[in-house]
Amino acid sequence: VAQQAKEDEWVRKAQTGDRTAFAALVERYWNPLRRWLFGLTGREHLAEDFTQEAFFRAWSALPQLHTADAFRAWIFRVARNCLISSKRGPRGAATAALPEDLADRDAGPLEKVVEDEGQQQLRAALARLPETYRAVYLLMTEEDWSYSQIAAVLEITEETARWRVCKARQFLLKELRAYLDSSSS
Amino acid sequence: MKCNEVQLWLRTSNGQMPAPSGLRRHLYKCAACRRERQRVLKLDHSVRRLPVPPENPATRALLLERIGKTAAPMPSRRPRLRIWPRVLRWTAAAAVVLVTSWLVVKQFRKTHVEEPLARVMHAGSQVWIGPEDRATIVRVARHDVRLAETTDPVEQLEVLTALSSDLKDEALRLARAGKSGNVPLLTSLYQQVVRQGIVGRAAAVPADNRGAVLGPLVKRLQAAEQEVDAAAREARPLVGERLRPLSDAARETAALLSGEHALPAVAVRLPAGPAPLLTVLVQQGLQIAAESNYLSRADLCADLASMLAPAIVVMASEGQEVDSRDLTSCVNELLEQGVADNLDRAAEQQGSALPAADLASIHQRSAQVRTTLADNLAKVPAESRADLQHALEAVEQGNKRVLAAGSGKEKSKGPRDIQGSLKSTDNARNTIVLSRFTKIGSVDQTFTLAKDLTIVVDGKPARLSDLQLGTSILLRLSEDRSVVEQITEVK
């Protein structure tokens, strides 16, 4: 309760132009948002760009947010809209160009990390999962959100959210049967 | 429930919905669905644990730089508040500050006074969890839940037989794996279950049904005896000797149940020293099985739930998400089916609300589960916090049920408004079939229509034939939920 109250206060202050309060919101939601976007795009630099763009848009649109306690769902919705508009081609909002001295993440040490076979299979299966299912399933598993919260973010009904999770699990259980049986024994 | 319904439920469950009792019963009996459940849990767990590439701090710094260069958003205009709303707002703010400070101080004190996480205390004595006990604890807890749900001696016998098989299998597994240190404990528990639990419950089976029930049970005990004897012969002499009490108990109990001769009185001796949680769980399960008084059953279940809470913390902190979630599910079921349902039955039997002192004591013990989980939330490793948070949220439902139980009030009849799609109509029987997507998946439900049924399509009165199959409709049921009073087409 205290945490939520604090967050509401940051939102209210940020709505009046307080950049420090907005930085606190960025601190809190940066990683969850980046993780979700990474799950959706499968590319870390895209996930970071969209996260940045989502927060930038949110900063400009904050006064339109009527209830401070809805920030969490709202910022995810903004991120999703960024993702959608990026797919609509040149009309979509362009992300800020990265400075030249920014380290090249794709060539970084992460490339050298060898994931175990199970994780590779899991990532590959997730990548094959249709994005509409993946978006819902990742919000449920990674963020532990309820169906009503997911429905609010993705602007769908709770029943649709439930159905998409069902389909996502059905797909992944089929794709990963061998891995799940071997690791659960 | 059928396998396909259970599997549909498993695929749509988000861990926040309590499992219907039919589903739990099915899972208890169906190995295939249990495996499917393990797969779903493993899948979610694996996805949750997928590593995310490390963040590039420069991107976040760039964002803050962009924001710094951008004009602040125009604040929305808000109407000026009158004096009283302002006073109320300041009072509320002061209250929030006071409560927050109090919570911080309380938490600070607790952090510095409580025992370290590894020490699991129950009822003033130390309870420990052995390194090989985790999986067995979860299985025994699940048997305890089943014992909490039923007072039928035949069902109880079924559960106790399964419990004894699990203990025997674990003892044999450890003996074969060369880890025989825990075998004496498991054989002691097995003796308790068969000689006290099974014999005691067998005596409660009605005489006319006893032959049919005990016959298969005797055969299972004889098979267990042979299995253990064979394993003992193959094992090293010392390990074989440790297994002998299992076959002795199986043989003597089988002889007693088949009426051949009396079972000699055996004092089961448990290892001295602090009790393993496994022992406490088995003994508590046996007590619940033997108890017929509903209030006492509720009391024992609350006690059991409070014992399992530290085990959830231990398992969560060790990163054993599947076991921790299984145990959480057991605790929640113990609160709902063991405590709340038994309280309701006690109130129903008594015909009035239960004594406040009894209820308060049980409520307090049930609430202990939540307290244990909440107190340890900040102490477990960061990566385990989500599991414990999940447990905390899950037991909230059980606690709510416990608080509402035992009041002697009539249970809710369910909602009056039900939405779904029209599957079929039967004019002869005056019924319709509605297809609904519920927590257990898609189900078809038949409703009888009231004589004065009204149907609304596009805001206008209509006839049943105006509704096309597959149309989304909203039913308004009568006060007693027996018939449909109104059908409205939903666009």
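**Close-up views of a two-chain predicted model**

**View 1. Lys174(A), an exposed residue of helix α8 in chain A.** Lys174(A) counts as exposed, at 70% relative accessibility. Exposed means over 50% relative accessible area, buried under 20%, and partly exposed in between (1.4 Å probe, protein chains only). This is a predicted model: local features need pLDDT of at least 70, side-chain atom pairs count only at pLDDT 80 or more, and totals for chains, interfaces and linings use all residues. Residues are numbered from 1 along each chain as its sequence is written, chains are lettered from A and ligands numbered from 1 in the order in which they are written, and side-chain values use heavy atoms, with hydrogens and water left out. Helix α8 of chain A holds Lys174(A); helices are DSSP runs (H or I, at least four residues), numbered from the N terminus. Ala125(A) is 49 residues away along the chain, yet its C-alpha atom is 9.7 Å from that of Lys174(A).

**View 2. The interface of chain A and chain B.** Contact here means heavy atoms within 4.5 Å. On that rule, 61 residues of chain A touch 43 residues of chain B. The buried area is about 5000 Å², and carbon and sulfur atoms give 62% of it. That area is the accessible area (1.4 Å probe) lost by two parts on being put together, summed over both.

**View 3. A salt bridge between the chains.** Glu27(A) pairs with Arg60(B), with the closest N and O atoms 2.8 Å apart. A salt bridge needs a side-chain nitrogen of Lys or Arg within 4 Å of a carboxyl oxygen of Asp or Glu. Five are counted between chain A and chain B. α2(A) gives the most to the side of chain A that touches chain B, with 10 residues.

**View 4. Gln156(B), a buried residue in helix α7 of chain B.** Its relative accessible area is 1%. The side chain of Gln156(B) makes a polar contact with the side chain of Arg201(B), at 2.9 Å. A polar contact is a pair of N or O atoms within 3.5 Å; within protein, one must be able to donate a hydrogen and the other to accept it, and residues adjacent in sequence count only if both atoms are side-chain atoms. Beyond four places in sequence, the contacts of Gln156(B) include Leu147(B), Ala289(B) and Arg297(B).

**View 5. Helix α2 of chain B (residues 21–29) and its cover.** Its buried residues are Leu23(B), Arg24(B), His26(B), Leu27(B) and Tyr28(B). Among the elements covering them are α1, α7 and α13 of chain B.

Notes
Helices (H or I, at least four residues) and strands (E, at least two) are DSSP runs, numbered from the N terminus.
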